[in-house]
Amino acid sequence: MPTTSPIPSPIASPIASLAGVTKIYGDGDTQVTALADADLSVYPGEILLIEGPSGSGKTTLISILGLLMRPTRGDVFIRGERVSALRERDLPPIRAGAFGFVFQGFNLFPALTAQENVAIAIKMKHPRARNADAEARRLLAAVGLANRMHHKPADLSGGQKQRVAIARALAGDPAIIVGDEPTAALDTKTALDVMALMRSLASEHGRAVVVVTHDPRLERFADRVARVEDGRVIAVDTISHPHAA
Amino acid sequence: MWTLARKILLHDRIKFTVAAAGVSISVMLVLVQIGLYLGFMQNASNLIDHSTADVWVTGEGSENFDFSAPIDERAFYKVASTAGVARAERMLLGFGQFRLADGGTQGVQVIGLDPGARLLRPWHVVAGDVRRLGEPGAIVTDITEAPKLKVHRVGERREIFGARAEVVALTSGIRSFTTSPFVWTDLDSARAYTLYPADRFNFVMVEAAPGVSPEALARRLSALPNLDAYTTPQMSGRAQHYWSARTGVGAGFFTTAALGIIVGLVVVGQILYNGTLEHLKEYGTLKAMGARNSAILRVIVYQALISALVGFVLGGGLALLAQHAMVAANLTVKLTPALVVGTAILTAVMCCAAALLSVVKVLRLDPASVFKG
């Protein structure tokens, strides 16, 4: 049952936060404000859902949060460091350490096995990594795919593909997992399984999980829900879970 | 990363086969065309390169070794008496009509040498006795020209321009640039075979005295009236340059080789670019997660190098087959180590250049694009 409050009372410092972030596309008559004065913080151990209608600014919000896009105005902080002023070439190492991404379409290399898909992410994040294959096996085991490591995406179910994508997102042990409609292509049971996995990543490993979704069923796994409309974060609701009391 | 690049590349085997075929054809064209060119150029200066002369003297203004202007005996004696000349030998190079056993004729290129010539002799002798070359009417032909001359063994007798000729020895693999088979003989017989006047010939081959540099001697001999003199490497270069540059032969071969490279560039470039486009979301995902451009570019460059390696091996094999097949047509495809190594490097560079479009695409890939559906 959601309760509305401007900002929840955190139990820790935010891992990432946006302060007064505005994003304007184009200029002159074609100018469009995709995001306006957005304030949002992400805390370790929580699942934060971002909900809103299509075109409301959700994607722009997570793109800026994930350091994939620069805001027109405002600041982005990662672990308290203001990173929005950094040069573009300084951002990849920060993204590598802080973020993993999961997408609706999985974005797995079809030619590679599950293990190789995870290993390539590890090697690309950390080119000098020597134990990428072992680490990939460990991550796949952690998401319940110990017996599917040598299968290619075409031989995996949708839920299994998404688990591979989650294992890949965990490469390099990022503090924040960002999911863009990660359950949209899955049936209800599989979608709930995937979210349960996300929940455990947050609860047991202290990661922050930020998920963009249209699916209200996912709220049962969330700690907070940020609602975005017309480019504005109109509310951040804390979800109370009776079973968590 | 090599393994990953290979797997991504080989995932679509049909596309990879097309890419490998493109590179193979490119490699084969480069090797065969330049190999043929080198073979022709080798033939163009074959006689010069196998002589032990230090300096070659010819009529003034003669640009083509095979069609050199005649000079006379006075020139020979002037050369032979020039300071720094240890030995001088005459050589005639002209054309004659060889009467075949079946009654037909075949144009031949006659090489006439002084009796007891030491500075140039037939080499690769496979049958007979080349020492008999000084005997009147004795000739040496090449066994690889047997299909043209219908001469298969020592002792066979023919006529050249009506003059008697007896095969006293056979060589193997000595071919002319003009495709007219060489016929070696003594100077007097050569004049009869080519209808040259009795005191005419084309070249004086010179051995420099000990301590005399060929370059200095060539300059000294060039000062003689109506004569030009060149060191043996210069003469070799002139013979090759004439056929290569003045006749357009070189341009023809290299244009075909260049077309081969363009074919390879286009095919590999298109395949790699398509492959990159197909994996744009995956590459974007990796970029979003912090992978540097250099890491992704390495995968693309590795794919280009794998295409180059496979294409080079296959193309090299095709070139060897072509080389073998062209022996039957009496054509020499000279695959030198330098040509093979150079083509390998060229192939790698070509494939990496073909990957440039993909590289640009990845460099410009906005990691935020992964959120765009």
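Predicted model: local features only at pLDDT ≥ 70, side-chain atom pairs only at ≥ 80, totals over all residues.
Residues are numbered from 1 along each chain as its sequence is written, and chains are lettered from A and ligands numbered from 1 in the order in which they are written. Local features need pLDDT of at least 70 and side-chain atom pairs count only at pLDDT 80 or more, while totals for chains, interfaces and linings use all residues.

The pLDDT, which is the predictor's confidence in each residue from 0 to 100, averages 89 in chain B. A score of at least 70 is reached by 99% of the residues of chain B. For the complex, the predictor gives an ipTM of 0.75 and a pTM of 0.74.

Chain B has 13 helices and twelve strands. Helices (H or I, at least four residues) and strands (E, at least two) are DSSP runs, numbered from the N terminus. The C-alpha trace of chain B spans about 90 × 50 × 30 Å along its principal axes. The radius of gyration of chain B is 28 Å, whereas a compact globule of 373 residues would have a value near 21 Å. This radius is taken over C-alpha atoms, and the globule rule is 2.2 Å times the number of residues to the power 0.38. Of the 373 residues, 47% count as buried. A residue is buried if 20 or more other C-beta atoms lie within 10 Å of its own, exposed if 12 or fewer, and partly exposed in between, with C-beta atoms placed from the backbone.

Strand E3 (residues 85–99) of chain B pairs with several strands, where pairing requires that DSSP finds at least two bridges between two strands. With strand E4 (residues 105–113), E3(B) pairs in the antiparallel sense over nine bridges; here B:Gly96 has B:Val108 as its bridge partner. E3(B) and E4(B) form a hairpin with five residues between them, and B:Gly103 in the turn has a positive phi of about 100 degrees. E3(B) also pairs with strand E11 (residues 203–208) in the antiparallel sense, over six bridges, and B:Ala88 is partnered by B:Val206 of E11(B). Strand E7 (residues 157–160) runs antiparallel to E3(B) and is joined to E3(B) by two bridges. In this pairing, B:Glu159 of E7(B) stands opposite B:Arg99.

Chain B is divided into domain 1 (2–43 + 248–371) and domain 2 (53–246), with bounds that come from an automatic or database domain assignment. The C-alpha centres of the two domains lie 45 Å apart. Seven residues of domain 1 and eight residues of domain 2 take part in the contact; two residues are in contact if their C-beta atoms, placed from the backbone, lie within 7 Å. On the side of domain 1 that touches domain 2, helix H2 (13–44) and helix H9 (249–278) each supply at least two residues, and H2(B) gives the most, with three.

Chain B also meets chain A, with 21 residues of chain B in contact with 28 residues of chain A. On the chain B side, helix H1 (2–10), helix H10 (280–288) and helix H11 (293–328) are the elements that give two or more residues. The largest share, five residues, comes from H10(B). This side has 13 nonpolar, four polar and four charged residues. Ala, Val, Leu, Ile, Met, Phe, Trp, Tyr, Cys and Pro count as nonpolar, Asp, Glu, Lys and Arg as charged, and the others, Gly among them, as polar.
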